[in-house]
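Thank you all for making time this morning. Please look at the sequence and the structure on the screen while I talk, and keep your questions for the end.

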Amino acid sequence: MLRFFLVFFLGCVSFVGKSQSIEIEDFIGTYAGEMLLINQGKNTSNTAQVTLDFQEVKKDSIWTYQMTYKSLTLGSMSKDYEIQRLQGGQLQTDEKNGIVISISLLDDCLYEFYESDEMYFTVTL
């Protein structure tokens with residue numbers, strides 16, 4: 001058991017150490033790809049074309065990003081978000097509808113973890 005905790009602790013230390021290799025400014029730009037939507041309970045899946053446009057609004061403190069989803073079967077949707085850097089360097093996403101979610105910048109990715117309608121979600125950018 002002690003070995004497990006030691007390995008876990010060392011893994012976390014190296015994970016945190018790697019997390020400093022890029023900054024949020026490195027995300028600025030436009031990206032595109034395909035998202036796979038899976039409903040394991042119903043054993044169904046679908047795909048959507050996704051575009052991410054990430055821009056800086058206020059130097060070192062506020063960024064916006066727009067996610068656009070296009071699916072032949074589900075239709076299209078676009079959603080705007082704002083990322084804010086708080087005092088102390090912590091990041092958060094403001095969805096501009098009363099929902100604010102903490103963000104972690106780890107291993108060159110932005111991560112959000114949240115719960116909605118008794119379901120758990122992970123967002124990675």
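This is a predicted model: local features need pLDDT of at least 70, side-chain atom pairs count only at pLDDT 80 or more; totals for chains, interfaces and linings use all residues.

Residues are numbered from 1 along each chain as its sequence is written, and side-chain values use heavy atoms, with hydrogens and water left out.

Let us begin with the chain as a whole. Its secondary structure comes to 1 helix and 8 strands, and reading along the sequence gives the pattern α-β-β-β-β-β-β-β-β; here helices (H or I, at least four residues) and strands (E, at least two) are DSSP runs, numbered from the N terminus. Of the 125 residues, 25% count as buried, where buried means under 20% relative accessible area, exposed means over 50%, and partly exposed lies in between, with a 1.4 Å probe and protein chains only. The accessible surface comes to about 9100 Å², and 56% of that belongs to carbon and sulfur atoms; such areas come from the Shrake-Rupley method with a 1.4 Å probe, and for residues only the protein chains shown count as cover.

Now to the pair of strands. Strand β1, residues 29-39, pairs with strand β2, residues 44-58, in the antiparallel sense over 11 bridges, and two strands are said to pair if DSSP finds at least two bridges between them. The two form a hairpin with 4 residues between them, and Asn43 in the turn has a positive phi of about 55°.

In one of them Arg85 meets Glu25, with the closest N and O atoms 3.4 Å apart. Since Arg85 lies in strand β4 (residues 75-85) and Glu25 in the loop between α1 (2-18) and β1, the pair ties together parts that are 60 residues apart in sequence. Arg85 is partly exposed at 27% relative accessibility, and Glu25 is partly exposed at 21%.

Lys96 forms a salt bridge with Glu82, where the closest N and O atoms are 3.2 Å apart, and Lys96 also meets Asp94 in a salt bridge at 3.7 Å, N to O. Through these shared partners Glu82, Asp94 and Lys96 are joined into one network. Within it, Lys96 is exposed at 54% relative accessible area, whereas Glu82 is buried at 15% and Asp94 is buried at 16%.

Finally, the serine. Ser71 lies in strand β3, residues 62-71, and is buried, with a relative accessible area of 11%. Its side chain reaches the backbone oxygen of Thr47 at 3.3 Å, and the side chain of Ser71 also reaches the backbone nitrogen of Thr73 at 3.3 Å. Leaving out residues up to four places away in sequence, Ser71 touches Asn46, Thr47 and Ala48, where a contact means heavy atoms within 4.5 Å.

Key. A salt bridge is a side-chain nitrogen of Lys or Arg within 4 Å of a carboxyl oxygen of Asp or Glu. A polar contact is a pair of N or O atoms within 3.5 Å; within protein, one must be able to donate a hydrogen and the other to accept it, and residues adjacent in sequence count only if both atoms are side-chain atoms.
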